[in-house]
Amino acid sequence: MSTDRDLLYLSRADVEGLGLTAVETVDQIEHLCRERDAGRVLNAPKSLLRPVDEVLFMTTLAVSEDPPYTAVKALGVNAANAHQGMDTIGSTITLFDRATAYPVAVMDGSWITEIRTAALSAVAAKHFARADSETIAFIGSGAQARSHLDAFLELFPLRAVRIFGRGQANRDLLRQKAEGLGLAAADCGDPRDTIAGADIIVSSVPQAGGLEPFLETGWVKPGAYVNLIDLARTWRQDSLREFDRIIIEDAVQEAEMSPQMIPAELIGEDLLGLVTGRISGRTEDHHRIAFIFRGLAIGDLALAILVYQRALATGAGRSVPS
């Protein structure tokens, strides 16, 4: 139990420098999912406000008995920032001691948001992507694409990366990153060519005025695994029915969100059922499987706890009066 009223402050550089791995984050998220199933984790649905089309403010909240912490994340998104060479997301996370209800740490949440999203994807991919997956395709080439490449490279024998995106600078960064990791990388000019034949597909196109769905399930090869972390906004809704299975991260949360990501009749299996064994992972080699999600507070809590514990162990960050 923490009784120290000073706060540990961790900048983005502090958080990034802790060396957390995809395997660690996946294990922590799966642990908290099982704890939630046992009633020892509470996860509030996301809350959001959109004052104008390109600006979004959002909060997440989750509390756990083991480890005994609560995390509250506040996040802002402005898609127009990209036109000025600025990050589109700004975020902070406050971590509380569950027993005392005192805040114990404030940390940059932008990197955590990137990594926890990739970690949630990796939890699903571990069960649904084919173990021999070698080619990964990215529709959208920003921070989420880069963090997903790191996470999936830990789990699969990737050899080739295909890239389709709207911004040349981000495409170049992703291509250079992939090549620096020893992978063959292709900057593609057509979305169909990008995903056709790929083993794993990640779509992460941010919300923007005038964006119309342009991807079709029919382009996805049998046996592929698809991560739709853009709430399926880039996929033609009528074609989603062609997936053999669709999994979301939290059926309870999704039921309270408006608008829902996909038609209600397509919402069934979720990540909690997967982690607890109530639903199976891949059962057929030829199935095309989609994981569609908007983000889960448990992911933020899992990463915030790992960051805090590693920071205490390594002396990272600095103490500030609360």
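This briefing covers the nonpolar cores, the cysteines and one set of paired strands. The model is predicted: local features need pLDDT of at least 70, side-chain atom pairs count only at pLDDT 80 or more, and totals for chains, interfaces and linings use all residues. Residues are numbered from 1 along each chain as its sequence is written, and side-chain values use heavy atoms, with hydrogens and water left out.

**Nonpolar cores**
- The largest nonpolar core has 70 residues. Such a core is a set of buried Ala, Val, Leu, Ile, Met, Phe, Trp, Tyr and Cys residues joined through side-chain atoms within 4.5 Å. Buried means under 20% relative accessible area, with a 1.4 Å probe and protein chains only.
- Leu95, Met107, Ile136, Leu149, Phe152 and Tyr225 have the most contacts inside this core.
- Another core, of 24 residues, lies apart from the largest one and includes Trp219 and Ile262.

**Cysteines**
- The structure holds zero disulfides, a disulfide being a pair of cysteine sulfur atoms within 2.5 Å.
- Cys33 is buried, at 2% relative accessible area.
- Cys188 also counts as buried, at 18%.

- Strands are DSSP runs of E, at least two residues, numbered from the N terminus. Two strands pair if DSSP finds at least two bridges between them.
- β5 (residues 69-78) and β6 (residues 89-97) are antiparallel, over nine bridges. Leu75 has Ser91 in β6 as its bridge partner.
- β6 also pairs with β7 (residues 103-108), antiparallel over five bridges. Thr92 stands opposite Asp108 in β7.
- Five residues separate β6 and β7 in a hairpin, and Ala101 in the turn has a positive phi of about 65°.

Terms used
Buried means under 20% relative accessible area, exposed over 50%, partly exposed in between (1.4 Å probe, protein chains only). Helices (H or I, at least four residues) and strands (E, at least two) are DSSP runs, numbered from the N terminus.
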